[in-house]
Amino acid sequence: MSLLEVRNLQKSFGGVRAVNNVSFSLAPGELLALIGPNGAGKSTTFNMVNGQLKADGGSIRFNGTELIGLKPREIWRLGVGRTFQIAETFSSLTVIENVQMTLLSQDKKMFSFWRAAADYKRDEALSLLAQVGMAEQAERPCRVLAYGDVKRVELAVAMANRPKLLLMDEPTAGMAPRERNELMALTKKLVVEHGTAVLFTEHSMDVVFAYADRMIVLARGQLIAEGKPMEVRGHPKVQEVYFGSGKTFEKPVDTTPSKPMAQEVA
Ligand SMILES: Nc1ncnc2c1ncn2[C@@H]1O[C@H](COP(=O)(O)OP(=O)(O)OP(=O)(O)O)[C@@H](O)[C@H]1O
């Protein structure tokens, strides 16, 4: 059964149909990449799922609950975590305090209790940090960390809420190729271990092809293809929208005589 069911999603800005009748679903434990050229509607779709934008029409059902009309915080409480393009940790707090603060918030404790709660769920916070390889740096302030390490902390913070669905907006933006691979390998390991589903937008095709289980492709607000990365890669509409954008998919070195085509949606 799907964890997330998006049906006929619509959003316009003035005369621009940013998202036009988009439908897709996501199963537990699946990594689904949302790709498309600039202006395709990726951020708009993403921000409707996390509640930052209200859809004009359609439905977004998460675990059977309609998300349209809910506030971002209410959606978070239902088990939808998120990470941001620019890492969003509190730089003045230590690594472990960032995780502890999320655990406090999850348990609906008041922020004003924070000073008295430096030991709050320390073991749980340390265990989360160990999962992202940051336990040794637990006492360092976030502001002194390397960017790749901040992204790891952000992942620990996102996982602290034990999300059933994790939304990642260009998780590897601004990272060097090696760091990218490390972060995505870590994400994949965590989501497999926890059965978390991931919906992520991404500009790096290397990341998408290496780590996505499935991908959906938007162009001008419409879903033009979906399928496994190897299937979508050869889809004519996908080739067409990327042609000339400098992001044309490279043909993989192919040893098989024919590849299955992605299911055509639009
Ligand atoms: N707040 C807004 N007001 C007006 N138009 C908007 C707004 N947000 C997005 N749009 C328009 O909606 C369309 C889709 O934009 P969106 O940001 O969702 O695309 P995207 O695929 O995320 O692009 P990019 O890869 O460049 O971030 C574009 O034409 C964009 O100009």
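1. Start with Leu-183. The place of Leu-183 is in helix H6, residues 177-194. Helices are DSSP runs of H or I with at least four residues, strands are E runs of at least two, and numbering goes from the N terminus. Leu-183 counts as buried because it has 23 C-beta neighbours inside 10 Å. The cut-offs are these: a residue is buried if 20 or more other C-beta atoms lie within 10 Å of its own, exposed if 12 or fewer, and partly exposed in between, with C-beta atoms placed from the backbone.

2. What does Leu-183 touch, leaving out residues up to four places away in sequence? The partners are Gly-148, Lys-151, Pro-171, Thr-172 and Met-175. Two residues are in contact if their C-beta atoms, placed from the backbone, lie within 7 Å. Leu-183 and Asp-149 are 34 residues apart in sequence, yet their C-alpha atoms are 9.2 Å apart in space.

3. A word on the source. This is a predicted model, in which local features need pLDDT of at least 70, side-chain atom pairs count only at pLDDT 80 or more, and totals for chains, interfaces and linings use all residues. Residues are numbered from 1 along each chain as its sequence is written.

4. Next, confidence. The average pLDDT of the protein is 84, and 84% of the residues score at least 70. Here pLDDT is the predictor's confidence in each residue, from 0 to 100. Residues 251-266 have a pLDDT below 50; this stretch still has 24 contacts in the model beyond near neighbours in sequence. The model's ipTM is 0.97 and its pTM is 0.84.

5. Now the overall picture. The protein has nine helices and 11 strands. Of its 266 residues, 40% count as buried. Among contacts with a separation of 6 or more, 67% are between residues 24 or more positions apart.

6. Strand E7, residues 165-169, is mostly covered, with five of its five residues buried. Which residues of E7 point which way? Leu-165, Leu-167 and Asp-169 point one way, while Leu-166 and Met-168 point the other way. In a regular strand, side chains alternate between the two faces of the sheet.

7. E7 has parallel partners. Strand E6, residues 80-83, runs parallel to E7 and is joined to it by four bridges. Two strands pair if DSSP finds at least two bridges between them. Gly-81 has Leu-166 in E7 as its bridge partner. Strand E8, residues 197-201, also runs parallel to E7, through five bridges. There, Leu-167 stands opposite Leu-199 in E8. The chain goes from E7 through H6 to E8, in a right-handed β-α-β crossover. Right-handed means that, with the strands pointing away from the viewer, the path from the first strand over the helix to the second runs clockwise. H6 is also the helix that holds Leu-183.

8. Turn to the open sheet. Its four strands come in the order E2-E1-E4-E5, with antiparallel pairing. E2 and strand E5 (65-66) are the edge strands, and each pairs on one side only.

9. Strand E1, residues 4-13, and E2 run antiparallel and are joined by eight bridges. Ser-12 stands opposite Arg-17 in E2. Leu-9 stands opposite Val-22 in E2. The two strands form a hairpin with two residues between them. In its turn, Gly-14 has a positive phi of about 60 degrees.

10. Asn-8 has a phi near 50 degrees and is found in strand E1. Asn-8 counts as exposed because it has 12 C-beta neighbours inside 10 Å. Asn-63 has a phi near 55 degrees and sits in the loop between strand E4 (57-62) and E5. Asn-63 counts as partly exposed, because it has 16 C-beta neighbours inside 10 Å.

11. Last, the ligand. Which residues lie around the ligand? They are Phe-13, Val-16, Ala-18, Gly-36, Asn-38, Gly-39, Ala-40, Gly-41, Lys-42, Ser-43 and Thr-44. A residue is near a molecule or strand if its C-beta atom, placed from the backbone, lies within 6 Å of it. Strand E2 (16-26) and helix H1 (42-49) each supply at least two residues of this shell. H1 gives the largest share, three residues.

12. By class, the shell has four nonpolar, six polar and one charged residues. Ala, Val, Leu, Ile, Met, Phe, Trp, Tyr, Cys and Pro count as nonpolar; Asp, Glu, Lys and Arg count as charged; the others, Gly among them, count as polar.
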